[in-house]
Amino acid sequence: MMKRILKDLLLIFVGAFVFALGVNYFTIPNMLSEGGILGITIVAHYLFDWSPGVVNFVLNAVLIVVGYKFFEKRAFVYTLISIAACSLFMFLTEDVGKQLTGDTLLASVFAGFLVGVGLGLIFRSGGTSGGTTILAQLANQYFGWSIAKAMLLLDVAVVVASVFIIGLEKAMYTLLVVYIGAKAIDFIVEGLDERVAVLIISNEPERVLNAITKKMSRGLTVLDGQGGYTGQDKQVLYLVINKQEIVQLKHIIREIDEFAYVTVHNVHEMMGKGYKAKASS
């Protein structure tokens with residue numbers, strides 16, 4: 001338990017440091033912005049020369065007080081630590097941040113990548129960035145918006161408002177920053193080990209099952225199915241594999257039953273003891 005907590009805290013502090021580097025070395029020196037609370041923090045710096053670290057902490061602290069009830073105990077504690085760490089590192093690096101590149105496109109790529117990687121590490125630990133997440137929860141409760149819709153609208157609203165401060169061109173580059181950041185978060189949270197779920201309906205289910213088990217060392221689940229038109233009973237094979245293994249799986253199935261019906265679905269999350277270990281075999 002203690003080992004896991006230490007690992008989570010390490011991810012949070014490393015993530016917060018990388019996040020701060022992205023903001024102070026690429027975003028602010030190139031007059032870019034961001035979405036959500038971070039965007040408001042950056043715009044406040046441009047307007048009033050306020051410390052991004054201090055403003056980020058104050059805004060998120062207020063929102064945490066308002067929206068603490070939306071968090072479980074562990075997530076709440078980790079979010080507090082995340083906000084404090086991000087704000088601290090932003091404060092410590094704000095005076096040493098140098099404009100490493102004057103190329104706005106290059107700065108947008110690195111700003112999005114570093115901020116995304118930093119937040120991804122924080123999310124992977126079980127923490128959150130606070131801010132926009134809390135506002136989205138409030139919008140969900142009082143207006144019935146979905147969390148994803150609320151977060152998107154809030155981010156877009158901040159970017160659009162920043163046009164009047166940083167100009168249209170820089171705001172357009174900011175959209176690139178936000179997009180790259182989102183992709184970087186997905187990469188860190190989900191990793192390269194992307195999974196897919198496969199359903200197989202074949203006239204040779206036992207042969208297909210044995211071949212997959214033998215050649216791919218995969219376990220399968222056998223489901224009972226019935227043809228909607230014919231009423232014929234069928235066995236449906238279900239398994240989860242790495243995306244890179246799809247080609248091999250298709251080849252195995254075609255060798256046995258070229259008329260087999262196969263569907264492939266993206267898997268966003270897997271839970272349950274043993275799944276991770278099997279997937280890495």
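Buried means under 20% relative accessible area, exposed means over 50%, and partly exposed lies in between (1.4 Å probe, protein chains only). The structure is a predicted model, in which local features need pLDDT of at least 70 and side-chain atom pairs count only at pLDDT 80 or more, while totals for chains, interfaces and linings use all residues. Residues are numbered from 1 along each chain as its sequence is written, and side-chain values use heavy atoms, with hydrogens and water left out.

**Exercise 1. Salt bridges**

Task: Determine how many salt bridges there are, and state for Lys215 whether the residue is buried or exposed, or partly exposed.

Solution. 

Step 1. A salt bridge is a side-chain nitrogen of Lys or Arg within 4 Å of a carboxyl oxygen of Asp or Glu. By this rule the count is 3 salt bridges.

Step 2. Lys215 and Glu255 meet through their side chains at 3.4 Å, N to O. Lys215 belongs to helix H10 and Glu255 to helix H11 (residues 246–256), so the pair ties together parts that are 40 residues apart in sequence. Helices (H or I, at least four residues) and strands (E, at least two) are DSSP runs, numbered from the N terminus. Lys215 is partly exposed because its relative accessible area is 48%; Glu255 is likewise partly exposed, with a value of 48%.

Step 3. Asp8 and Arg74 form a salt bridge whose closest N and O atoms are 3.0 Å apart. This pair links distant parts of the chain, with Asp8 in helix H1 (residues 2–27) and Arg74 in helix H4, 66 residues apart. Asp8 is buried at 7% relative accessible area, whereas Arg74 is partly exposed at 36%.

Step 4. Between Glu245 and Arg218 the closest N and O atoms of the salt bridge are 2.7 Å apart. Glu245 lies in the loop between S3 and H11, and Arg218 in the loop between H10 and S2, 27 residues apart. Glu245 is buried at 15% relative accessible area, and Arg218 is buried at 5%.

**Exercise 2. The sheet**

Solution. 

Step 1. Two strands pair if DSSP finds at least two bridges between them.

Step 2. S2 and strand S3 (residues 233–242) pair in the antiparallel sense over 6 bridges. Leu223 has Val236 as its bridge partner in S3, and Gln226 stands opposite Asp233 in S3.
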